[in-house]
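Keep the sequence and the structure in view as you read.

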Amino acid sequence: MFFAPDTEDVLDFDAAIVNTVAGATRSGDDELATRGQLAALMATFRFSGRLDGDDAELDDVRRARTRLRSLWTLERDAMVPELNALLAGLHAVPRLERHDDLGWHVHATAQDAPLADRILVEAALALVDVVRTDECGRLRACAADDCEGVLVDLSRNGSKRFCSVRCGNRMNMLAFRERRAAEA
Ligand SMILES: [Zn+2]
Ligand SMILES: [Zn+2]
């Protein structure tokens, strides 16, 4: 374990939501384009609390996705004012909660606050951990040239470079072909 378990869960979720952009999906389509896709993502990550299921909520979450993408690859010192502004702007008040079958974890918004706000505040709290532990380098853009995906590297040796197995395989294949072409 690298960060607190709820921090790691949030970072995994944040990478997944950022990676729904067309430039990062297997389908090549934006996979956060419909209310159904949003509902499915929330269910996959067992995101609790208010879910309106309307177009306004989808638009707000899509904007939150853009904001998360821009936070992801900031340098540590540049991330700090962004996180502070986000937490203050959304009136985050951290508290411990225990619900469903989850152990004590941090919430900082009301469960009936808008979904996009809850996503952003949870992300900001997780990133506060990342800044404090000086591990911003664990948040990376995918190293595949044709991919707009991101990743969080929670591995022990910190060598993860690609957002997905698909990107890793594709880039390995390219490197293999280049080597073979160079030899020929
Ligand atoms: Zn919770
Ligand atoms: Zn990728």
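Does histidine 105 count as buried or exposed? Histidine 105 counts as buried, because its relative accessibility is 11%. Here buried means under 20% relative accessible area, exposed means over 50%, and partly exposed lies in between (1.4 Å probe, protein chains only).

## Basis of the model

This is a predicted model, in which local features need pLDDT of at least 70, side-chain atom pairs count only at pLDDT 80 or more, and totals for chains, interfaces and linings use all residues. Residues are numbered from 1 along each chain as its sequence is written, chains are lettered from A and ligands numbered from 1 in the order in which they are written, and side-chain values use heavy atoms, with hydrogens and water left out.

## Overall build

The chain holds six helices and four strands. Helices (H or I, at least four residues) and strands (E, at least two) are DSSP runs, numbered from the N terminus. Read from the N terminus, the order is α-α-α-α-β-β-α-β-β-α.

Along its principal axes, the C-alpha trace spans about 65 × 35 × 30 Å.

## Surface, contacts and charge

Of the 184 residues, 38% are buried. The accessible surface comes to about 10300 Å². Carbon and sulfur atoms account for 51% of that surface. Areas come from the Shrake-Rupley method with a 1.4 Å probe; for residues, only the protein chains shown count as cover.

Contact means heavy atoms within 4.5 Å. Take the contacts between residues at least 6 apart in sequence: 56% of them join residues at least 24 apart.

The chain carries 24 positive and 32 negative charges, and their mean positions are 5 Å apart. Lys and Arg count as positive, Asp and Glu as negative; His and the chain ends are not counted. Each charge is placed at NZ of Lys, CZ of Arg, CG of Asp or CD of Glu.

## The zinc site

Which residues are the protein donors of the zinc ion (ligand 1)? They are His99, His105 and His107, each through NE2, lying 1.9 to 2.1 Å from the ion. Donors are N, O and S atoms within 2.8 Å of the metal (3.2 Å for Na, K and Ca); water is not among the atoms, so sites may look incomplete. In sequence, the donor residues follow the spacing H-x5-H-x1-H.

Histidine 105 lies in strand E2. Beyond residues up to four places away in sequence, histidine 105 touches Asp6, Arg95, Leu96, Glu97 and His99. Its C-alpha is separated by 23 Å from that of glutamate 82, 23 residues apart along the chain. Histidine 107 counts as buried because its relative accessibility is 3%.

## Two loop residues with positive phi

Most residues other than glycine have a negative phi. Arginine 46 has a positive phi, near 50 degrees. Arginine 46 sits in the loop between helix H2 (35-44) and helix H3 (55-72). At 53% relative accessibility, arginine 46 is exposed.

Aspartate 100 also has a positive phi near 50 degrees. Its loop runs between strand E1 (95-97) and strand E2 (105-107). Aspartate 100 is exposed, at 67% relative accessibility.

## Threonine 109

Where is threonine 109? The residue lies in the loop between E2 and helix H5 (115-132). Threonine 109 is buried, because its relative accessible area is 9%. Leaving out neighbours within four places in sequence, threonine 109 is in contact with Arg95, Asp117, Arg118 and Val121. From alanine 64, 45 residues apart along the chain, it is separated by 15 Å between C-alpha atoms.

Arginine 67 belongs to helix H3 and is partly exposed, at 35% relative accessibility. Apart from neighbours within four places in sequence, arginine 67 is in contact with Leu86 and Leu120. Arginine 67 and glutamate 82 are 15 residues apart in sequence and 10.0 Å apart in space, C-alpha to C-alpha.

Asparagine 84 belongs to helix H4 (residues 76-89). With a relative accessible area of 48%, asparagine 84 is partly exposed. Its C-alpha lies 9.8 Å from that of leucine 125, at a sequence separation of 41 residues.
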